[in-house]
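User: I have a new structure open on my screen, and I would like to go through it with you slowly, please.

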Amino acid sequence: MESSRSSSFFQDLSSRELSGFRVRKRPRFAADIALSFKEVGALAIEHNGDQTPPLAVSFCKTSKNSHIFALSDEDGIVSLFNTRSKFSLFSSHQENSENSRICEWEAHRNAVFDVCWLKDDTQMITASGDQSMKLWDVQEMKCIGILRGHKGSVKSISSHPTNHDIIVSGSRDGSFALWDLRIPSCSKVGNKELCLRASAVVKGAHLSPHAKRIRRQKSASKSITSVLYLKDELSVATAGAVDSVVKFWDTRNLKNAITWCQPKSSDKDTRLHGISSLSQDANGSLLSASCMDNRIYLYNVLQLEKGPMKSFSGCQIDSFFVKSVISPDASYLLSGSTDGNAHIWQVDKPHEDPITLTKHNGEVSAVDWSSFEVGKFVTSSDDFTVRIWNSQNSSCSSSKRATSCNRKRIMAMPTLEQAKDSDSSDSPYFDRANGNIMEPKLGTPESKVKRFLSDAALIESFEKTPEATAKSPSSVLIPPSSMKRKTIRDYFLVAS
């Protein structure tokens, strides 16, 4: 199967140090995509006739499976749906669900708050209110490992950008933990699933300054609401329910956060507002944070001391179930909203009103972009539906990644091979005839050099701004004789 690894901004910097080539411009969606989005289909979320609210949605991470997304709900069920199914205008939401559902299984006997695809979409981690996470073989729908250690509901999970055996999780108990799936640190459960323990745990990562005066039952005051493994492969970002602070941690030394950032509060509003979700673009240069003050803040990870570079308003964030996510090419920002609408902003036009999508009848919670199908995304809501959307732009094929829209303007290196697109019939999970789960096609592993080059063809390098250039350490602009790998910590130290 093809690799899900992607070239990040930090990998681009390392390559520039080694080879000295000019960093290419980051590709963007065609400009007129923002002018029109349409609903492709709506799916009812119910089991045996009983409706249940969806809690998390996540598209597959490889181009071959980029039309498939996973959905988890309050009943602990995980479902996979094919967004390339044909949705009739005359079909009910229930019929659409039946036609597009690839499979479903009970992952937990409690709510599943987050899902994370691993290893070319062959495995998945689920985070649950039962205080555990489970590792799944997706093709077999079989649990192959249980991760235990948190003392509260597991609210968020994120995998290492290139090594999917390493996971970070955040919990309502106020801790975040690192896990290595290669280390069986506990015994088997019922001779079936392997029980794993955390490699490292940080407790009280986001404590309230008034924590001593808060009663025990108010556990939300210390809850970790979102965790994110950054593209430099060594740093983790965390956010909590207590305030709008985003903390950054070096996984090699977790005693203290290496830095933190927070939007400036106005004189009129001195209340503390928590953060419901974090996201980053494919290059890893930008990070978004959805705040309970009804704003979404955008940070440049190399200039965190300046605070948010942009903020976006127009949505209503009254619960921690409302999420937002930046598009893979960092052109658009998609958010749910308590007002029953989904909102989309152009990142380079933060002061303009967002595009409002009004089809839902309840709070719009989890949302996600397809990584390889330009302009496609899904929104989920408390109205017990998930809606699939796509741009009406005809200049780009819906089955190609954002880079393909600019293929004529942004040329790949002569030695690079373009990624081949595939339709739903090529998916390792979808059998048109029987609707069964299929085994993936295996091939000879690629060499590291070939894999890096092919990844570079999929995602073009980040365009350095004059501000970023001014703040960059000299070792990036003028490589030293002894090469030392740059991490996000190095940039913080230089800035200070």
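**Charges, strands and rings**

Analyst: Let us start with lysine 376, which makes a salt bridge with glutamate 373, their closest N and O atoms being 2.7 Å apart; the term stands for a side-chain nitrogen of Lys or Arg within 4 Å of a carboxyl oxygen of Asp or Glu. This is a predicted model, in which local features need pLDDT of at least 70 and side-chain atom pairs count only at pLDDT 80 or more, whereas totals for chains, interfaces and linings use all residues. Residues are numbered from 1 along each chain as its sequence is written, and side-chain values use heavy atoms, with hydrogens and water left out.

User: Is lysine 376 buried or exposed? And what about glutamate 373, buried or exposed?

Analyst: Lysine 376 is buried, with a relative accessible area of 4%, and glutamate 373 is buried too, at 1%. Here buried means under 20% relative accessible area, exposed means over 50%, and partly exposed is in between, using a 1.4 Å probe and protein chains only.

User: Which residues are linked with them in a network of salt bridges?

Analyst: The network links Arg84, Glu373 and Lys376. As background, side chains of opposite charge can pair when their charged atoms come close.

User: How many salt bridges does a search of the whole structure find?

Analyst: The search finds nine. One of them joins arginine 101 to glutamate 98, with the closest N and O atoms 3.0 Å apart; arginine 101 is buried, with a relative accessible area of 18%, whereas glutamate 98 is exposed at 55%. In another, the side chains of arginine 252 and aspartate 250 meet at 2.8 Å, N to O; there arginine 252 is exposed, with a relative accessible area of 52%, while aspartate 250 is buried at 3%.

User: New topic: what is the strand order in the open sheet of four strands?

Analyst: The order is β26-β27-β28-β29, with antiparallel pairing. The edge strands are β26 (324–326) and β29 (355–357), each of which pairs on one side only. Strands here are DSSP runs of E with at least two residues, helices are runs of H or I with at least four, and both are numbered from the N terminus; two strands pair if DSSP finds at least two bridges between them.

User: Over how many bridges do β28 and β29 pair?

Analyst: Strand β28 (residues 342–346) and β29 pair in the antiparallel sense over three bridges, and isoleucine 344 has isoleucine 355 in β29 as its bridge partner. In general, strands of a sheet pair through backbone hydrogen bonds, either parallel or antiparallel.

User: Which residues does UniProt list for "repeat: WD"?

Analyst: The unreviewed UniProt entry lists residues 105–146, 147–182, 327–348 and 357–399; its positions are given in the numbering used here, feature names are shortened, and annotations may be inferred rather than shown by experiment. In the model, residues 147–182 are 0% helix and 53% strand, with end C-alpha atoms 12 Å apart, and residues 327–348 are 0% helix and 41% strand, with end C-alpha atoms 13 Å apart.

User: On to rings, then: how many aromatic pairs does the structure hold?

Analyst: The structure holds nine aromatic pairs. Rings of Phe, Tyr and Trp (its six-membered ring) pair if their centres lie within 6.5 Å, and planes under 30 degrees apart count as stacked, over 60 as edge-to-face and the rest as tilted. Tryptophan 105 and tryptophan 136 form a tilted pair, 5.7 Å centre to centre with 55° between the planes. Tryptophan 105 lies in strand β7 (residues 101–106) and tryptophan 136 in strand β10 (residues 132–137), so the pair ties together parts that are 31 residues apart in sequence. Both tryptophan 105 and tryptophan 136 are buried.

User: And why is the pair of phenylalanine 377 and tryptophan 389 stacked?

Analyst: That pair is stacked because the planes of the two rings are at 10°, with the centres 6.2 Å apart. Phenylalanine 377 lies in strand β31 (residues 377–381) and tryptophan 389 in strand β32 (residues 385–391), so the pair ties together parts that are 12 residues apart in sequence. Phenylalanine 377 is buried, with a relative accessible area of 0%, as is tryptophan 389, at 3%.

User: Which residues form one aromatic cluster with these two?

Analyst: The cluster is formed by Phe37, Trp369, Phe377 and Trp389.
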